[in-house]
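Subject: Structure handover

Hello,

Here is the structure I promised to pass on. Please open it alongside this message, and then read the notes below.

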Amino acid sequence: QPIIANFSVSSRSEPLDDLPGRYKNISSASIEVVFKVLDTTTGEIKYQFTQPYTDSKSNIADAKQVLLTPQQFWSAGSSQIARLASSRLSESVFPILVITVEGDDIYINRGENNGISPGDVLRLYSRGKALIDPVTKEMLGATEALNVEVRVVTVSSKFTVRSEEHT
């Protein structure tokens, strides 16, 4: 259930004192969308996050200009928000996990199709003790311990093939 919490677009032009007849044109826009995953049987919010997105453009020109219209921002911003939100939602349901370790190679269940690129630095944690609410008995999550930080070296479309320890 996405909800637009904030949407703004603004443009301004300022004359340049040192360049008569020239203007600095600045356009900016921002949006925040709140995503909620609901249990349809109870209406309970199972997962919620806010995804922000901003864009701005500026130039120096002979005339006042609007560089970023609401339509242009919406066109670019909506696809970017959808990509970021779908990635975040999938990671909440299907977290990044180590598949196996062979020597110095660490195989991770994410690849180029999931936005992993050579040079990325990943922090790998191990799951610890379960955290259970003493009153509701709800599982809140688990403690985590940082095992290693790795720099991605080689990536396939669906998994990271080789990583090296990051120093």
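Asp62 is exposed, with a relative accessible area of 57%. The cut-offs are these: buried is under 20% relative accessible area, exposed is over 50%, and partly exposed is in between (1.4 Å probe, protein chains only).

Some background before the rest. This is a predicted model, where local features need pLDDT of at least 70 and side-chain atom pairs count only at pLDDT 80 or more, while totals for chains, interfaces and linings use all residues. Residues are numbered from 1 along each chain as its sequence is written, and side-chain values use heavy atoms, with hydrogens and water left out.

Salt bridges

Asp62 forms a salt bridge with Arg22, and their closest N and O atoms are 2.7 Å apart. Asp62 sits in the loop between strand 3 and helix 1, and Arg22 in the loop between strand 1 and strand 2, so the pair ties together parts that are 40 residues apart in sequence. Arg22 is partly exposed, at 29% relative accessible area.

A salt bridge here is a side-chain nitrogen of Lys or Arg within 4 Å of a carboxyl oxygen of Asp or Glu. Helices (H or I, at least four residues) and strands (E, at least two) are DSSP runs, numbered from the N terminus.

How many salt bridges does the whole structure have? The search finds five. One of them joins Lys46 to Glu44, with the closest N and O atoms 3.5 Å apart. Glu44 is partly exposed, at 36%. Another joins Lys57 to Asp55, where that distance is 3.9 Å. Lys57 is also partly exposed, with 38% relative accessibility.

The nonpolar cores

A nonpolar core is a set of buried Ala, Val, Leu, Ile, Met, Phe, Trp, Tyr and Cys residues joined through side-chain atoms within 4.5 Å. The largest one has 10 residues: Ala29, Ile31, Val33, Phe35, Phe49, Tyr53, Leu68, Phe73, Ile81 and Ala85. Strand 2 gives the most, with four residues. Apart from this core lies another, of eight residues, among them Ile116, Leu122, Val150 and Val152. In soluble globular proteins, nonpolar side chains tend to be buried together.

What does Tyr53 touch, leaving aside neighbours within four places in sequence? Its contacts are Ala29, Ser30, Ile31, Phe73, Gly77, Gln80 and Ile81. Contact means heavy atoms within 4.5 Å.

Asn25 is in strand 2. Is Asn25 buried or exposed? Asn25 is buried, with a relative accessible area of 0%. The side chains of Asn25 and Ser13 are joined by a polar contact of 2.5 Å. A polar contact is a pair of N or O atoms within 3.5 Å; within protein, one must be able to donate a hydrogen and the other to accept it, and residues adjacent in sequence count only if both atoms are side-chain atoms. Not counting residues up to four places away in sequence, Asn25 touches several others, including Arg12, Lys57, Ala63 and Leu67.

Tyr47 belongs to strand 3. Tyr47 is partly exposed, at 27%. With residues up to four places away in sequence left out, Tyr47 touches Phe35, Lys36, Val37, Arg88, Leu89 and Ser92. Tyr47 and Leu89 are 42 residues apart along the chain, and 8.7 Å separates their C-alpha atoms.

Ser56 is in strand 3 as well. Ser56 and Leu131 are 75 residues apart in sequence and 42 Å apart in space, C-alpha to C-alpha.

Two loop residues

Arg110 lies in the loop between strand 5 (105–108) and strand 6 (121–132). Arg110 is buried, at 7% relative accessible area. Beyond neighbours within four places in sequence, the contacts of Arg110 include Glu91, Phe94, Ile116 and Phe159.

Lys137 is in the loop between strand 6 and strand 7 (139–155). Lys137 is not a glycine, yet has a positive phi of about 65°. Most residues other than glycine have a negative phi. Lys137 counts as exposed, at 60%.

Best wishes
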